[in-house]
Amino acid sequence: MKIVAADIIVSSPDRNFVTLKITTDEGITGLGDATLNGRELSVASYLRDHVAPLLMGRDAHRIEDTWQFLYRSAYWRRGPVTMAAIAAVDVALWDILAKAAGMPLYQLLGGASRTGIMAYGHASGRDLPELFDSIRQHLDEGFRSIRVQTSVPGINAVYGVAAQPSSTGQRYDYEPAQRTPLPAEEDWDTRAYLRHLPSVFEAVRNEFGPELPLLHDGHHRMTPIQAAKLGKALEPYDLFWLEDCTPAENQEALRLVRQHTTTPLAIGEVFNTVWDYQTLIREQLIDYVRSAVTHTGGITAMRKLLDFAAQYQIKSGIHGPTDISPVGMAAALHLDLAIHNFGIQEYMKHTPLANEVFRQSFTFTDGYLHPGDQPGLGVELDEEAAARFPYEPAYLPFNRLKDGTVHDW
Ligand code: CS2
Ligand code: MG
């Protein structure tokens, strides 16, 4: 089965998405997500100008060979743009293979290892009453695990808190990337955050009890010793995980965090290859791998990464915000269902407009996701609808400290 076309569809139903559609000489098509929030056009160009010509005439079923060819023949390896482009091709070829086999992708990945995929939802609030309402709303929607993000007294805009007006006045509800000509500047104060957050989790535990799995995203903002301090302070509240507690380019930094706290740690959404995890996994410095299929070289690479993690009893916690398209989300769900070392799956719902463009067959029932049993990924792209929403420039915000220093957002 030969590849005869590779089309890159850039669409913006409420937010930008980049989708690769590969077509074969037998008329079977496959989709891959190549969305890199705030840098979407760079991956679209990488695919359109450099990768698509290389795919013409290739055997669509030589997935591993195509992966290695794209990774090694580029000479320049790794990085978010390259690995998102390779991921899109990889996932589209797995979609085609599963469609050709007439079965849902998870069956090709070894079949189902569970009946459903535990998902966590994003609750947030500017204050405790608003946060409690948001948690109740998510429980009513069926979520059985909740990520908690709150505003911090003295800080104007904090990551992950819906309904707070950012410096551009736009709401956070669905999307941190804002359609502004330049990135929005936000403020940050780690000491204020460290003073405030434990009291929030104490209040949430008092209100919702000891059992509800609670997660929190530190969003890369603490130094290793600050992260150690927070992890320790949160131990009484038994978090499912503390995510991205410190920037992890320097993987050894997590040794200091690990020394001081037993709060489980999740890291990896900004990572792109298994190499970014070597020390973290080999030294047991994390408990959950947060990579997205879309940003880590696709199904082929993610399976190898999670197999490596499994040897250290480290589980998956695949990244699933709205800037991972429904195609990328479906790929994650097929992997989630098949792997043994599954931990939890992030689930931020896409908007109705996005669901007009991407017709999905995955389901969410009583807290559990399932990819469905359609052949392939189970997601189709409505190209007419996609054409109605042309690309719109959008940027993620950035942070400055009180003294004007640029800080991790
Ligand atoms: C976040 C993301 O969901 C998460 O865990 O860290 O929402 C992240 O901010 C976005 O993906 C950035 O594009
Ligand atoms: Mg995160």
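Visitor: Where is the place of lysine 315?
Guide: This is a predicted model, in which local features need pLDDT of at least 70, side-chain atom pairs count only at pLDDT 80 or more, and totals for chains, interfaces and linings use all residues; side-chain values use heavy atoms, with hydrogens and water left out. Residues are numbered from 1 along each chain as its sequence is written, while chains are lettered from A and ligands numbered from 1 in the order in which they are written. Helices (H or I, at least four residues) and strands (E, at least two) are DSSP runs, numbered from the N terminus. Lysine 315 sits in strand S11 (residues 315-318).

Visitor: Is lysine 315 buried, partly exposed or exposed?
Guide: Buried means under 20% relative accessible area, exposed over 50%, and partly exposed in between (1.4 Å probe, protein chains only). Lysine 315 has 38%, so the class is partly exposed.

Visitor: Which residues is lysine 315 in contact with?
Guide: Contact means heavy atoms within 4.5 Å. Neighbours within four places in sequence are set aside. The partners of lysine 315 are then Asp287, Tyr288, Val289, Asn341, Phe342 and Gly343.

Visitor: Is lysine 99 buried or exposed?
Guide: Lysine 99 belongs to helix H3 (residues 80-101). Among its contacts are Ile28, Pro375 and Glu380. Its relative accessibility is 19%, so lysine 99 counts as buried.

Visitor: How many residues apart in sequence are the parts tied together by glutamate 243 and glutamate 269?
Guide: Glutamate 243 is buried at 0%, and glutamate 269 is buried at 11%. Glutamate 243 is in strand S8 (residues 241-243), and glutamate 269 is in the loop between strand S9 (265-267) and helix H9 (278-282). The pair therefore ties together parts whose separation in sequence is 26 residues.

Visitor: What do the buried residues of H7 pack against?
Guide: Helix H7 covers residues 224-234, and its buried residues include Gln226, Leu230 and Leu234. They pack against H6, S8 and helix H8 (253-260).

Visitor: Are H5 and H6 parallel, oblique or perpendicular?
Guide: Axes are lines fitted to C-alpha atoms, for helices over the stretch in contact, and angles run from 0 to 180 degrees between N-to-C directions. Angles under 35 degrees count as roughly parallel, over 145 as roughly antiparallel, 65 to 115 as roughly perpendicular and the rest as oblique. H5 (residues 128-140) and H6 (residues 190-208) pack at about 50 degrees, with axes 11 Å apart. That makes the pair oblique.

Visitor: How do H2 and H10 lie to each other, roughly parallel or roughly perpendicular?
Guide: The axes of H2 (residues 63-73) and H10 (residues 298-310) come within 9 Å and cross at roughly 90 degrees. In the contact, Ile63, Glu64, Trp67 and Gln68 of H2 meet Thr300, Ala301 and Lys304 of H10. By its angle, the pair is roughly perpendicular.

Visitor: What is the phi of aspartate 238 near?
Guide: Most residues other than glycine have a negative phi. Aspartate 238 lies in the loop between H7 and S8 and is exposed at 53%. Its phi is positive, near 50 degrees.
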